[in-house]
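Subject: Structure handover

Hello,

I am passing this structure on to you. Please open it first, then read my notes below.

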Amino acid sequence: MPELPEVESMKLQLAKFLVGHKILGVEIRNPKYEIRKDIIGGKITGIRRFGKVSVIDLDNGYSILTHVKLTGQYIYRGPNLPKPYTLSAKVIGGIPGPHTLVIFKLDHDGVLYYNDVRRFGWIKIVDSGQVIADRFIDKLGPEPFGKPQGKPSLLTLDLFKQILSKTSRPIKIVLMDQTKVGGVGNIYANDALWLAKINPKRKANSVEGKEAKELYEAILTVLREGLKYGGASELAFVTPDGKEGKYQNHTLAYGHEGELCGRCHKAKFIKYFLGGRGTYVCPNCQK
Ligand SMILES: [Zn+2]
């Protein structure tokens, strides 16, 4: 599932491509997506991100909230994207295609396609004044980086230590709990724990002091790396220009089962499932 670097990469491109466009129409090609027509005529003024939720703000008092979940993809075509266009093979069926569920028609011949093979992603329209109170945003934990935008607040080291001290659940599960830390999912949790030399099964409240600081810094480091590479396109993630992110080629622990640890060179990564998610550990480095 896209995590903070992927959704941030998507946000940055949506801001570049969409701001200034007016929405002329919406074609709903799947009945799951009930989109209020109130957005028609609205001019896009900005894009915000809260955890993994993106918000497209309009000048007519409405905002589009969306979460791409596992396989949702936004693809833009129009005057703000130089040609020739590229389209990743991960956009199954092309655009528009059998998995194109919603098409936003924009002025100046712009189009924003929403594709979603698994259809777990969602789109909803709310009054702009209600965005922060929306239940998906209201419950989000503080974010590891970026400017706080009302909610969620910024995850400082002190706040991070407090969050860890309050639970004995495994540290990796806590890092991925969106109500505790916004935006960190499986790939970056694996890599941050490896970077900080912490075993994913450790009780969160046993990670304190220097270790908590190292883990906090490791989270920032891997998220910044993810953002630098435009996110990871392991499953279906693509950026709105139709291209793939590259972080999957630069992971530290994630996906390295059976390979020699790049730091100690003494042990091979093992993989097991923790909370149902693939967990990659160097048995020598991560205590
Ligand atoms: Zn190692």
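Which residues in α3 meet which residues in α6? From α3 they are L157, F160, K161 and L164. From α6 they are A212, K213 and Y216. By class, this contact has 5 nonpolar and 2 charged residues, and no polar ones.

One caution before you go on: this is a predicted model.

Now the geometry of that helix pair. Helix α3 covers residues 157-165, and helix α6 covers residues 209-228. They pack at an angle of about 115°. Their axes are 10 Å apart. The crossing of α3 past α6 is right-handed.

Next, the overall layout. The protein is divided into two parts: domain 1 takes 4-138 and domain 2 takes 157-281. Taken over C-alpha atoms, the centres of domain 1 and domain 2 are separated by 28 Å. The contact between them draws on 25 residues from domain 1 and 23 residues from domain 2.

I looked at the domain 1 side of that contact. Two elements, α1 (4-18) and β5 (72-77), each supply at least two residues there. The largest share belongs to α1, with 9 residues. By class, the side of domain 1 that touches domain 2 has 14 nonpolar, 7 polar and 4 charged residues.

For a landmark, find Y74, which stands opposite Y114 in β7.

β7 has another partner. Strand β6 (residues 100-106) runs antiparallel to β7, and 5 bridges join them. Here K105 stands opposite V111 in β7. β6 and β7 form a hairpin with 4 residues between the strands. Look for H108 in this hairpin: H108 takes a positive phi near 55°.

Is strand β7 mostly covered or mostly open? It is mostly covered.

Best wishes

Notes:
Residues are numbered from 1 along each chain as its sequence is written. This is a predicted model: local features need pLDDT of at least 70, side-chain atom pairs count only at pLDDT 80 or more; totals for chains, interfaces and linings use all residues. Domain bounds come from an automatic or database domain assignment. Two residues are in contact if their C-beta atoms, placed from the backbone, lie within 7 Å. Ala, Val, Leu, Ile, Met, Phe, Trp, Tyr, Cys and Pro count as nonpolar, Asp, Glu, Lys and Arg as charged, and the others, Gly among them, as polar. Axes are lines fitted to C-alpha atoms, for helices over the stretch in contact, and angles run from 0 to 180 degrees between N-to-C directions. A crossing is left-handed if the near helix is turned anticlockwise from the far one by less than a right angle, and right-handed if clockwise. A residue is buried if 20 or more other C-beta atoms lie within 10 Å of its own, exposed if 12 or fewer, and partly exposed in between; C-beta atoms are placed from the backbone. Two strands pair if DSSP finds at least two bridges between them.
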